[in-house]
Amino acid sequence: MKIKRIDIYGYGKWVDESFELESPFHLFYGQNEAGKSTLMSFIHSIFFGFPTRHSSASRYEPKDSSRYGGKLTIEDKRFGDVVIERVPGKVTGDVTVTLEDGTVGDDKLLSVLLRDKGRSFFERIHSFDLKGLEAIEQMNSEQINRFFLSIGAFGNETYLSTADQYKAKASQLFKPTGRKPLINEQSVILEKKQQAIIKAKQKNEDYIRLIKETSELEDSLSELKMRKEALREQVSNLVEFTKEIETINEIKELSSDIDNYSQPDLPEDGLFKLKQLNEDSSNFREKIEALQLQQKELQEDYRPSKELILYQSHEEELKSFAKELDHYEALVQQIVIQQQEVSSIANQLTETKIREQLPLHDALPKEWSNSDWEAFKKLKQTSKQLNQSKEELNEAIKALHYRIEMNNDRIDSIEQAMWPLDTFKEIEKRAEENETNEAETSSGLPLLPLAMGVLTLISSALFFVNNQPLFLLIAFISLVTGIIAYKKTEKPIKTTFSSEELKQYYEQKSLRAQWKEVLALNDQLQQEKGNKEKERDDLEPLILLTKEDWDRWKQQMGLPPVLSMEQVEQKQALFYDLRKMQHRRTDLEASMNEHISKLSNRLKQLKGLREQTEADDDPLTQYKKMKEWIKTVEVELDSQREYVKYTESIQRDITHYVKQEQASRKEKHALLRSADAMNDEEFFQRYHKQDKVEEKKQRMSMLREKLPEINSEVEALTIDTIQEDLTVKKAEIEEVKSIENQHTRRLMELDILRKEIEDGGTYFDLLQEFENEKSAYQQTVDEWNVLKVAASLIEETLNHAVEDKMPQTIETATTYFRFLTDNHYKQIIMDDHLILVTRQDGKQLDVKELSRGTVEPLYIALRLAFIKHSKDSIQFPIIIDDSFVNMDQTRLERMYQLLMDFDEDQQIIYFSFDQTILSYIASETYTNLNKRLQKLKTI
């Protein structure tokens with residue numbers, strides 16, 4: 001994933017601002033308060049949401065704009081160019097994700113794009129500053145393993161915490177010395193249940209006997225109850241019969257009518273057969289009439305055509321030509337193929353000439369001789385040397401221009417820090433006055449009083465030696481002069497500058513010296529650039545002269561005007577193929593004309609052809625029409641033969657249907673005689689009487705179904721017989737009730753005896769409770785086993801993940817660390833509890849023994865190595881905010897080089913105030929935030 005563009009609507013001090021990020025490494029350079037932290041926070045907010053109002057992080061809501069938020073345009077290997085836009089809305093803002101194919105989504109699509117990684121993962125691995133390095137510095141090797149594992153491609157902290165949760169839940173279920181865990185409590189209960197079962201087993205034999213007798217009585221009561229219910233149902237049915245006496249009488253009457261009906265048996269499907277025979281006779285008659293009509297229509301359809309009549313008048317010569325059709329068909333096919341090939345060659349020649357800008361009707365370029373090739377190679381070599389010299393001069397001019405631009409940027413940077421000229425001149429004048437005062441003060445030291453003192457001593461000495469008053473006078477005058485001079489030099493030193501002001505003045509003086517030096521260097525580069533441009537301009541006439549010679553050569557040799565020298569050898573092969581195609585076309589046209597002439601001579605011999613073709617038809621057209629005429633006639637002749645076959649077939653069908661119609665009528669007469677009927681009407685009346693009898697049978701059956709069930713026949717029932725049955729059934733019910741009462745009393749006695757034994761629980765109940773408790777105990781133990789095994793599997797899986805991935809990461813980190821320390825350290829070692837490094841002399845050091853300037857490269861190397869080895873599963877831009885302040889200049893330069901050469905597929909965005917980094921990168925790979933911010937304030 002790479003960020004290609006940043007668009008800010010409003011975020012902190014940035015309003016309506018955009019940034020393009022084209023190279024894998026991009027620098028945002030700026031002094032303090034230039035907006036680096038704001039820009040870095042903006043990227044985090046678009047990916048993961050604005051900080052909440054209760055969060056300690058700043059929301060960077062703009063003061064000078066009502067718009068808040070913005071968007072990022074990123075490049076993703078899975079989805080192409082994607083736009084992520086976030087504006088105010090819910091707590092962390094409303095986000096819209098637009099894919100390259102036009103798909104629009106929200107937080108869910110963003111989560112897929114970020115592979116379900118959150119702000120914590122991004123800020124702990126891919127976005128870091130000096131504080132982030134200090135946090136990782138406090139970890140040992142085991143903590144670093146867990147740190148990279150918990151946020152890396154293998155999973156997240158959830159898996160590790162899940163293993164810890166499983167262990168905690170297992171401890172809640174069982175402890176070897178505990179009493180409150182569930183398994184410990186269940187074990188005690190299970191032991192008590194087992195003791196109760198042993199006591200209940202002694203009373204179990206008497207209890208089983210009582211249970212058996214109780215079960216037998218209950219089964220007997222159940223049977224008595226079923227018998228009583230059956231008797232009551234029979235009584236109820238008999239009572240119902242007394243209400244349905246009229247229905248019973250109707251059943252008796254219907255039964256008598258059915259018994260008195262007498263008629264010969266009729267065929268079961270007689271009506272259907274009669275209807276079917278009538279329909280068959282009608283269908284046979286319709287088919288006969290349809291076939292006769294079809295015969296008439298065929299006679300009209302198969303009348304001979306004019307072509308057939310004409311064919312019959314020239315039948316002999318046409319049959320003779322038809323035998324030769326295969327031969328002439330092959331000849332025509334050969335002519336067509338040759339025509340197609342000639343047309344294809346002509347099209348290829350035309351297309352190639354147009355593409356190569358050759359005249360369509362002129363001859364092709366001739367073949368070159370050896371002398372022609374020598375002259376061409378000499379001209380090509382001259383042109384190549386001139387163009388190469390021009391290209392080298394252009395590159396040199398470009399390089400000088402780039403250096404001038406770099407110096408201009410440096411001049412701009414120095415000028416921003418320089419005082420205005422008037423201010424500098426004024427401070428310079430004050431500085432010179434200050435130096436003059438100090439010089440006068442130094443020169444005003446008591447030299448004259450000292451000299452007068454010395455002269456006084458000498459004069460005094462001479463006076464004592466020579467005893468002359470002149471020396472005493474000189475000594476007195478010298479003494480007075482020295483005192484006066486000393487008094488005059490005793491005035492205080494006057495200064496015009498503080499030490500801080502003087503330091504700033506010397507810094508400005510140094511900046512101006514650098515500024516003048518860079519200006520002088522730019523003047524020198526400008527002069528050198530002008531010389532190179534003059535050399536390049538002097539080559540132009542020679543290049544133009546060579547081009548004119550080449551144009552004359554192309555015209556002389558018949559080459560296309562647009563042909564370049566580099567294309568000549570390739571095009572010569574093309575010209576050779578074109579000449580070969582031209583010869584092939586000529587040969588084909590000659591052969592094709594010979595075949596057409598042969599076909600034309602044969603067609604002229606056919607007299608019947610004149611009536612089928614036009615006078616201006618070419619031989620191929622005449623042959624085509626002749627062949628179609630013969631094939632049409634042959635088809636019509638076949639059709640005439642088919643007509644005869646059709647007519648015979650229709651006549652056979654008519655005869656068949658006439659016979660079928662006669663057989664159907666004969667079968668109908670037999671059916672009528674079987675029912676003793678003379679015609680269809682009498683046949684239907686016979687079946688109508690039979691239907692009436694069936695209706696009475698159905699009525700009687702329906703009435704029987706309405707009556708309650710009874711064992712005796714309905715026809716034999718009378719009101720007296722029903723009353724007798726009622727008396728018998730009621731007596732049986734009373735007898736059953738008496739037996740039920742006896743069984744119930746005995747069940748009550750057995751229940752009292754059973755409860756006396758069940759005090760404290762029966763054996764089987766206790767046994768069931770024991771098994772239930774044992775099952776619950778086993779279930780809890782199984783749950784404890786599952787938790788222990790799950791925690792063990794998670795830890796083992798994660799350990800394997802570390803073993804698989806961490807050695808590669810350490811090896812890559814060692815390479816980075818060795819480079820950053822200029823091979824002063826050659827290896828990184830991670831044991832169970834410590835991170836060690838091996839110095840060049842072989843000595844191993846703990847991290848705590850290293851300086852900050854060495855620890856920071858170590859942990860940066862570890863972080864970059866982890867990112868490199870996990871980029872296949874997750875890839876974010878790396879964002880760094882001035883994390884290398886403790887490194888010396890040499891290691892800092894190597895760090896910049898490592899970041900810029902890290903990985904073409906990995907984007908690095910670096911925020912820095914260090915001006916020295918500008919000398920290591922190209923101007924298009926960094927953004928000067930100071931200038932952007934100044935421009936924004938101006939607007």
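Student: At what angle do helix α13 and α20 pack, and what is the word for that arrangement?

Tutor: An angle here runs from 0 to 180 degrees between N-to-C directions, with axes fitted to C-alpha atoms over the stretch in contact. In this predicted model, α13 (residues 325-355) packs against α20 at about 140°, with the axes 12 Å apart. The two are therefore oblique (under 35 degrees is roughly parallel, over 145 roughly antiparallel, 65 to 115 roughly perpendicular, the rest oblique). Helices are DSSP runs of H or I of at least four residues, strands runs of E of at least two, numbered from the N terminus. Residues are numbered from 1 along each chain as its sequence is written. Because the model is predicted, local features need pLDDT of at least 70 and side-chain atom pairs 80 or more, while totals for chains, interfaces and linings use all residues; side-chain values use heavy atoms, without hydrogens or water.

Student: Is the crossing of α13 and α20 left-handed or right-handed?

Tutor: Left-handed, that is, with the near helix turned anticlockwise from the far one by less than a right angle. The crossing of α10 and α20 is left-handed as well.

Student: What angle do α10 and α20 make?

Tutor: Roughly 160°, and the axes of α10 (270-301) and α20 (619-674) come within 9 Å. These helices are therefore roughly antiparallel. Their contact has 13 nonpolar, 11 polar and 9 charged residues (Asp, Glu, Lys and Arg are charged; Ala, Val, Leu, Ile, Met, Phe, Trp, Tyr, Cys and Pro nonpolar; the others polar).

Student: How many aromatic pairs are there?

Tutor: A pair is described by the distance of the centres and the angle of the planes. The whole structure holds 21, with centres within 6.5 Å; planes under 30 degrees apart are stacked, over 60 edge-to-face, the rest tilted. One of them, Tyr 11 with Tyr 68, is stacked, at 5.9 Å centre to centre and 5° between the planes. Tyr 11 lies in strand β1 (2-11), and Tyr 68 lies 57 residues away in the loop between α1 (36-48) and β4 (69-76).

Definitions and conventions
Phe/Tyr/Trp six-rings, centres within 6.5 Å; stacked < 30°, edge-to-face > 60°.
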